[in-house]
Structures are given as C-alpha cells and as structure tokens.
Amino acid sequence: MEEKMKMNVNVTEKEIRPMSGMVMLLLIILASLASIGLFVVGAMFNVFLIIAGAILFIIAMICIGGLKVVNPNEALVLTLFGKYYGTIKSAGFYFVNPFATAFNPGAEKIATKDANGNVYMRTVGTKKVSTKVCTLNNEKQKVNDVLGNPIIIGAVVIWKVVNPTQAVFAVENYRDYLSIQCDSTIRNIARLYPYDDLQEDDDVEEKTLRGSSQEIAEQMKNELQERVAGAGLEIMEVRITHLAYSEEIAAAMLQRQQAVAVIAARQKIVEGAVSMVKMAIDQLDENGVVVLDDERKAAMVSNLLVVLCGNKEAQPIVNSGSIY
C-alpha cells in the first residue's frame, strides 16, 4: 500500500463575506419590538394582527441563529442541509443564513462521566477552526534504528491550519490524523539511521540520530508535510525532544561508551608519553649529558613509558651499583 497518499477533495474552498451582524441585530431588535406592538394592538382590535406578530416574532428568533462571531486567527466552515455553504476567514460579527451550521469534526473532545458512571465524549469550545500556531507533543515511542537497536524517541511538531475547508472535509479528524501521521513519520525516519556511530573509521561520516538530530528533524518535517498537505495543514517545525536507548540495552551501550572513552584517553596518553620520551633522549644526546647505546636507550624508554603511562604514582628506586 502506498504510504504517501494524495487526497482528492471535491469541495473547493469558497470564502464568503456576509453582511454585518450589527445591522441584522438592530433589525431583529426592531422586529421583536414590532411583534410585541402587534400583539398589543391585535388584542384590542384584530386577531389577525396577533397572528402577524407571532409570525414576525418567530422569524426574528430564527434570524438570531444566523449571527456569527469570528475571532482573529479563526475560521468558520459552514454547511447548509449537508452541502458546503462557504468559509468565513475574516474576523468580525456577521449574519449568515440561519439554517447554515458550523462544521468542524476536529473540535476538541474530552471524556466525561455522567451520574450513572457512563462515559461519553463531550465537545469542548466552539466548532470554529483555529488557524493559530499549535503544538503537538508526540508521545515517546519505542522504535528500532537501522542496526535493530531499540531506542526511545519523542518529538514536538509545530503546525497550523492553512486551509480550513480541506481540514474539515478531507479527513475525519485532522488532529487525530496529524498525530497518527507524526507517529508513522518518526518511526519511518528513525529506522533509517543508527542511534550512534559504531564504526571506528573516522573517514566515514555517517548521519546518526544523536549526532545529526537537526538534519534528521528537518527530514521528518519534509516527509510529514507531504503526508498532511492534503488535509490543509502546514508543518512549521519538528524538534526531537527525547532520544535514548531502550532500557534493555541501555546498560550495555553505556559500557561501550565508557570503553570508547577509556581507549581514547589511553591513546592520548601514549601519544604524549612517546613524544616526551623522544624529547628527553634527544636533549640528552644534544647536551652530551650521557652517552647511551641502544640497549640503555631501550631500557630508558621502557622505564619512562611505564612511569608516564601507569595509573599509579611511580616509586623511585636508587641504584647504587652498575646498571649492568
């Protein structure tokens, strides 16, 4: 099955600019007052005026449902009897068809218990689509790197809705869709690289999850953007927030890192000791302090290397006789 699907949205976004809500609110208030006046006059003179007042009052109450408030960085996707009606992107107070309803399947929902202990999902807030910058904190998940080592990785995704119409019509729930695609993307990218460079060859520069986190996070961003572009979402940034070996191999990998550090330290010590021994022999020869043959030089080199490379402090021994 092809992982990167291209979603075809049959609905073309149509931005509408409805009439001002303040003007319609004033008309509704006047209509309500007029209906009350018709009730009073009809009660004294003609029953038909009462009927007209009731009809006018009902129409005024229905029109109240068409008053919509859109805050900054929000959009309102409207449907009318199951068909796409239009999208309001500009902030303000508007009046639309009172039978048009807001549609947002991605509205945040929480689990709530009633008095009998039954759990049901309750929608929190309005059904407006937020176009603000949002943060998705992806939970830590266990994946295998390219070498098969289990690792724990977590990431944060900075995203926003750029096409509200696609966001509500292209997928069932764009928030859940983004979360699932984020998990899949992190898993697919993480298994392409090793956690750390286990090769001893310094000439080979290989990308690793620990050493090239920024480059790999950029790759995650690009792939995730391709996956969610059809849902009207824009991925602004992906950051790797947690990266560690899994518990079952963490101790073994720690021992390996300690061994590498010890070897590197010993290598530096040996390099320094060899240079110091060479300098000492050269200076003795140049100053004519003592003439050493090959056997004495070998003994001196051996003693100096033991002293310089040893872990413990050297104990001096005074030789009162011949060295032979």
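Which residues is tyrosine 174 in contact with, leaving aside its neighbours within four places in sequence? Hello everyone, let me start with that one. Tyrosine 174 is in contact with Asn104, Gly106, Val129, Trp159, Val161, Ala167 and Leu233, where contact means heavy atoms within 4.5 Å.

Before going on, a word about the model. It is a predicted one, in which local features need pLDDT of at least 70 and side-chain atom pairs count only at pLDDT 80 or more, while totals for chains, interfaces and linings use all residues. Residues are numbered from 1 along each chain as its sequence is written, and side-chain values use heavy atoms, with hydrogens and water left out.

Back to our tyrosine. Tyrosine 174 is buried, at a relative accessible area of 1%; buried means under 20% relative accessible area, exposed means over 50%, and partly exposed is in between, with a 1.4 Å probe and protein chains only. Tryptophan 159, one of its contacts, is buried as well, at 3% relative accessibility.

Both residues also belong to the largest nonpolar core, which has 34 residues. Such a core is a set of buried Ala, Val, Leu, Ile, Met, Phe, Trp, Tyr and Cys residues joined through side-chain atoms within 4.5 Å. Those with the most contacts inside it are Val157, Trp159, Tyr174, Leu178, Leu224, Leu233 and Ile235. Two or more residues each come from strand S10 (134–137), S12, H3, H4, helix H5 (213–228) and strand S13 (233–245). These labels are DSSP runs numbered from the N terminus: helices are H or I with at least four residues, strands are E with at least two. Helix H4 gives the largest share of the core, seven residues. Another core, of eight residues, lies apart from this one, and includes Leu76, Ile88, Val96 and Ala100.

Now to the rings. The structure holds four aromatic pairs. Rings of Phe, Tyr and Trp (its six-membered ring) pair if their centres lie within 6.5 Å; planes under 30 degrees apart count as stacked, over 60 as edge-to-face, and the rest as tilted. Tyrosine 84 and phenylalanine 169 make an edge-to-face pair, 5.6 Å centre to centre with 80 degrees between the planes. This pair links distant parts of the chain, 85 residues apart: tyrosine 84 sits in strand S4 (residues 83–88) and phenylalanine 169 in helix H3 (residues 164–169). Phenylalanine 169 counts as partly exposed, at 28% relative accessibility. Tryptophan 159 and tyrosine 174 have ring centres 6.3 Å apart and planes at 70 degrees, so they are edge-to-face too. Tryptophan 159 is in strand S12 (residues 150–161) and tyrosine 174 in helix H4 (residues 174–190), so this pair ties together parts 15 residues apart in sequence. Ring pairs also link Tyr84, Phe103 and Phe169 into a cluster.

Next, a sheet. Three strands form an open sheet with antiparallel pairing, in the order S1-S5-S2. Two strands pair if DSSP finds at least two bridges between them. Strand S1 (19–20) and strand S2 (67–70) are the edges, each pairing on one side only. S1 is joined to S5 by two bridges, and S2 to strand S5 (residues 92–95) by four. Phenylalanine 95 in S5 is the bridge partner of methionine 19 and also stands opposite leucine 67. Valine 69 has phenylalanine 93 as its bridge partner.

With 24 residues, H1 reaches 35 Å from its first C-alpha to its last, close to the expected 34 Å, a span that is 1.5 Å times one less than the number of residues. At its start, a side-chain oxygen of serine 20 comes to within 3.3 Å of the backbone nitrogen of methionine 22. Gly21, Met24, Ile28, Ala31, Ser32, Ser35 and Gly42 are buried in H1, and what covers them includes S1, helix H2 (47–64), S2 and S5. In helix H2 we find isoleucine 51, partly exposed at 44% relative accessibility. Its C-alpha atom is 9.5 Å from that of serine 35, 16 residues apart along the chain.

One last stop: is aspartate 145 buried or exposed? It is buried, with a relative accessible area of 4%. Aspartate 145 is in the loop between strand S11 (141–144) and S12. Not counting residues up to four places away in sequence, aspartate 145 touches Ile151, Ala190, Arg191, Tyr193, Pro194 and Tyr195.

Terms used:
Polar contact = N/O pair within 3.5 Å; in protein donor to acceptor, adjacent residues only side chain to side chain.
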